[in-house]
Amino acid sequence: MPEICGYKPGDEKEILELFTRVFGKKRSMEHWRWENKENPRGESEFALLKDDGRDNNRIKGHLCLHPFLLQAGGKQLMAGQRINLMLDKEYRGQSYFGKMFAHLLESGRKKGMLFTYGFPNAQSFKALRKVYNAKELGEIPRFVKFYDGFKAARHFLGNRLVAFVAGCFLQVLLGMKKKRTAKSEGVFEVTKFDSRFDELWQKAGQGLHVATVRDSVYLDWRYGRSARDYKIWAFAEEDGSISGYLVLLVEKEIGHIIDLLALEDSEALPALL
């Protein structure tokens, strides 16, 4: 009989096997430990669907709450981000997601989390709104800047002829746009997050209404020790203080800006971009 329960040491092996079955790719044990055990805000909370009666893979479902320290309205609050929803095919559409979510709500409350948030797909959001009265805060816009019109068109368009025509059009537009020049002498690659990043957060964080607390301890864990190959740059003023940083992840010739924080009255933002 399937049951919903929490995590026990040793479950991570089957959790990773479920990840491979659901997403079709492997995730290392080091990545799992980094994500769920080494977070400076606390270890993750789990809701696991276990079924002992079918085969050797007992874990059939997984939902996780990742603790985050947020600044909201001038106060620091502990919250949980819902991540890594996984269900084996034969267990989908049977209300197990709702049961796992209810389990996480209770364990999150006990750990002092004031609310949960996430980025659900349409089906999950429909269930969250119906059963738990979840609120939609808003859509997150995605901004794109093209450097090579032909490559961009080939990436987004499948038809070669259409991609060629669109690429020519994009190349003309790129040639017409004026290139902005920015001071770049202060930009350097980050290898360690020191106390200057704490000072930057204290200054830049004052103007942010809702944001993840980005102190040096968090940044070192989130980007410095991540299994992903992040490229990190910062901007140093003449006195050595840091007035901004940018985190980039490159996948298949596309650069994703993962994090960007800069003081409004500095040259950091245009220089880093």
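Let's start with Glu-43. At 43% relative accessibility, Glu-43 counts as partly exposed. Keep in mind that this is a predicted model. Glu-43 forms a salt bridge with Lys-37. The closest N and O atoms of that pair are 3.0 Å apart. Lys-37 is partly exposed too, with a relative accessible area of 30%.

Now the wider picture. A search of the whole structure finds 16 salt bridges. One of them joins Arg-58 to Glu-14, with 3.5 Å between the closest N and O atoms. What does this pair tie together? Arg-58 lies in the loop between strand 2 (45-50) and strand 3 (59-72), and Glu-14 lies in helix 1 (residues 12-23), so the pair links parts 44 residues apart in sequence. Arg-58 is partly exposed, at 27% relative accessibility. Glu-14, at 14%, counts as buried.

Next, Arg-196 and Asp-194. Their side chains meet in a salt bridge, 3.2 Å from N to O. Arg-196 is partly exposed at 25%, and Asp-194 is partly exposed at 23%. There is also a network: salt bridges that share partners join Asp-11, Glu-14, Lys-50 and Arg-58.

On to the helices. How do helix 5 and helix 6 cross? Helix 5 covers residues 149-156 and helix 6 covers residues 160-176. Their axes come within 7 Å and cross at roughly 140°. The two helices are therefore oblique to each other. The crossing is right-handed.

Who touches whom? From helix 5, the residues in contact include Phe-150 and Arg-154. From helix 6, they include Phe-164, Leu-170 and Leu-174. The contact residues divide into 9 nonpolar, 3 polar and 1 charged.

Definitions and conventions:
Residues are numbered from 1 along each chain as its sequence is written. This is a predicted model: local features need pLDDT of at least 70, side-chain atom pairs count only at pLDDT 80 or more; totals for chains, interfaces and linings use all residues. Side-chain values use heavy atoms; hydrogens and water are left out. Axes are lines fitted to C-alpha atoms, for helices over the stretch in contact, and angles run from 0 to 180 degrees between N-to-C directions. Helices (H or I, at least four residues) and strands (E, at least two) are DSSP runs, numbered from the N terminus. Angles under 35 degrees count as roughly parallel, over 145 as roughly antiparallel, 65 to 115 as roughly perpendicular and the rest as oblique. A crossing is left-handed if the near helix is turned anticlockwise from the far one by less than a right angle, and right-handed if clockwise. Contact means heavy atoms within 4.5 Å. Ala, Val, Leu, Ile, Met, Phe, Trp, Tyr, Cys and Pro count as nonpolar, Asp, Glu, Lys and Arg as charged, and the others, Gly among them, as polar. A salt bridge is a side-chain nitrogen of Lys or Arg within 4 Å of a carboxyl oxygen of Asp or Glu. Buried means under 20% relative accessible area, exposed over 50%, partly exposed in between (1.4 Å probe, protein chains only).
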